[in-house]
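Trainee: Please take me through one part of this model closely, the place where the two chains meet. Which parts are involved, and how are they arranged?

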Amino acid sequence: MSDAAEQLDAFLQRVPYVRFLGMRAELSGDEMTAILPFAPHLVGNSNLPALHGGVIGAFLEMTALAQLSVTQGSARVHKTIDVTIEYLRPGRAMTTYARAELRKVGRRVANVHVEAWQEARDQPIAFLRGHVLLSGGS
Amino acid sequence: MTDVPDIVRQMAEHMAVSVPQAAALGFKLVSVEPGRGSISVPWREDLVGDPDTGVIAGGVVTSLLDHTCGLACAAAAGTEPFSTATLDLRIDYMRAAAPRTGVTCQAHCYKVTRTIAFVRAEAWDVDQSDLIATAQGAFVVNRPNGAAKP
């Protein structure tokens, strides 16, 4: 297993909330795709049914932190400073995917953009933009 | 506490405990009054985001803020209930919650138009004057009978 894969695996295994969500991830080189299989406890609107907005936000945020664990390996979990989540479409009762792009990684702070989709990558359901405080740097 | 119509209180109780994600996280309704709502989430081992510290995950706080904002919208609806969907949500995390401690959130829906509700929320662990996170959101208003017209 590569260093990146080990770091990702360590992150996913260590964080209890990742298991609560049921989130996993696949790695191609240093590019990570996060996967959130549908589960009934993630529903926010039973009538549609649709994923809870908070679940989508949380999944995007965990995707950002997981991507940082791959590229900025640290024994400690990085800390989110702020996020803006934009919702484009309802999250339907199916698997959701997400990819994070590290737009800038500074000494202390990283700027991250994350995109989530379901059936088609060109029909995103939500975006996240945020800043993360990097731990382990100093 | 200012009274809200029974239908709003029933909806608030349903939102806080019967929505699957809310039930899974163990949300508890603290209070509801016109345009305002408060929900808490007790600490639980499986909701931890940092195993080194035992601090509850940011994602749990995200769900709590989003959900409490939705509750405040419902509480602003009065006797003409509507459902909401999140359009955007901006969250600032000022500090981590205390280890092994739950979080309480209070949201205020300060403006509702025919189509959009505007909400502010704050979250704290122990002391409401020492916040862990604040949020600002816009929610799409879905009125029954397709009544939503700008």
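Mentor: Chain A puts 32 residues into the contact and chain B puts in 30 residues, two residues being in contact if their C-beta atoms, placed from the backbone, lie within 7 Å. This is a predicted model, where local features need pLDDT of at least 70, side-chain atom pairs count only at pLDDT 80 or more, and totals for chains, interfaces and linings use all residues. Residues are numbered from 1 along each chain as its sequence is written, while chains are lettered from A and ligands numbered from 1 in the order in which they are written.

On the side of chain A that touches chain B, at least two residues each come from α2 (16–21), β3 (43–45), α3 (53–71) and β5 (79–87) of chain A. Helices (H or I, at least four residues) and strands (E, at least two) are DSSP runs, numbered from the N terminus. The most is given by β5(A), with nine residues. That side of chain A divides into 16 nonpolar, nine polar and seven charged residues. Here Ala, Val, Leu, Ile, Met, Phe, Trp, Tyr, Cys and Pro count as nonpolar, Asp, Glu, Lys and Arg as charged, and the others, Gly among them, as polar.

Across the contact, β5(A) pairs with strand β5 (residues 83–93) of chain B in the antiparallel sense, over five bridges; strands pair if DSSP finds at least two bridges between them. In this pairing, Val83(A) stands opposite Ile91(B) in β5(B).
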